[in-house]
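Have a look at the structure first, and then read on.

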Amino acid sequence: LLNFKGMKFYVDTSVWGGHEDEEFEEWTVPFFEQARQGKFTIVLTDLTLRELTPAPERVRNLTETIPEQFLELTSLTEEAEMLAGHYISEGVLTPKFRSDAQHIAMATILKVDSLVSWNFKHMVNFFRIRQYNSINLKFGYQTIDIRTPKEVIYGNED
């Protein structure tokens, strides 16, 4: 049996918000419960924290419920800004969605096991993922895996 304890998931803003969203809570609540149990590490960036600023307090406070040892805090880098710029200049996203490009770039550079998102338009999207990966390879980066919380939570085998 594989040990998943060492896995790292970059969790974008949509997942934190999904905790309080009727459509997504069925999968988001157990995802964060498993994070609290240490089944994987969540990578949280200053970009995500900034985007959570206007969110309801209970969503903002959710980040504080993850034990420190299962949370990796990081900041947007110049390198990620450059890679995000490539996604935009190559036409995968428009400048209006720069923060989505920055999330993808950070997750790529940090070499996480997967970026976890509920953003189907710009992230969890078969065609865009192929475009991101094509650009990643073109500029010497590894490919990125992008999933929903539904795809990465551990099911009960009973």
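Val11 has Val116 as its bridge partner in β4. That pair belongs to a set of three bridges joining β1 to strand β4 (residues 114-116), and the two strands run parallel. The model is predicted: local features need pLDDT of at least 70, side-chain atom pairs count only at pLDDT 80 or more, and totals for chains, interfaces and linings use all residues. Residues are numbered from 1 along each chain as its sequence is written, and side-chain values use heavy atoms, with hydrogens and water left out. Helices (H or I, at least four residues) and strands (E, at least two) are DSSP runs, numbered from the N terminus.

**The sheet**

Strand β1 (residues 8-11) also has strand β2 (residues 41-45) as a parallel neighbour, again through three bridges. Here Lys8 is partnered by Thr41, while Phe9 stands opposite Ile42. Which order do the strands take in the open sheet? The five strands are arranged β3-β2-β1-β4-β5, with parallel pairing. At the edges are β3 (71-74) and β5 (146-147), each of which pairs on one side only. Two strands count as paired if DSSP finds at least two bridges between them. In general, strands of a sheet pair through backbone hydrogen bonds, either parallel or antiparallel.

**Buried residues around the strands**

Buried means under 20% relative accessible area, exposed over 50%, and partly exposed in between (1.4 Å probe, protein chains only).

| Residue | Relative accessibility | Class |
|---|---|---|
| Phe40 | 0% | buried |
| Thr41 | 14% | buried |
| Thr48 | 0% | buried |
| Asn119 | 15% | buried |

Phe40 sits in the loop between α2 (25-36) and β2. Thr41 is found in strand β2. Setting aside residues up to four places away in sequence, Thr41 touches Met7, Lys8, Phe9, Gln69, Phe70, Leu71 and Glu72. Contact here means heavy atoms within 4.5 Å.

Thr48 belongs to helix α3 (residues 46-51). Beyond its neighbours within four places in sequence, Thr48 is in contact with Tyr10, Val11, Asp12, Thr13, Trp16 and His103.

Asn119 lies in the loop between β4 and α7 (126-138). What does Asn119 touch, not counting residues up to four places away in sequence? The residues are Asp12, Ser14, Asp100 and Val124. The C-alpha atoms of Asn119 and Thr13 are separated by 9.0 Å, with the two residues 106 apart along the chain.

**A helix pair**

Helix α5 (residues 78-89) packs against helix α6 (residues 98-109) at an angle of about 125°, with the axes 8 Å apart. Axes are lines fitted to C-alpha atoms, for helices over the stretch in contact, and angles run from 0 to 180 degrees between N-to-C directions. The two helices are therefore oblique to each other; angles under 35 degrees count as roughly parallel, over 145 as roughly antiparallel, 65 to 115 as roughly perpendicular and the rest as oblique.

From α5, the contact includes Leu83, Ala84 and Ile88, and from α6 it includes Ala101, Ile104 and Ala105. The residues of this contact divide into 10 nonpolar, three polar and three charged. Ala, Val, Leu, Ile, Met, Phe, Trp, Tyr, Cys and Pro count as nonpolar, Asp, Glu, Lys and Arg as charged, and the others, Gly among them, as polar.
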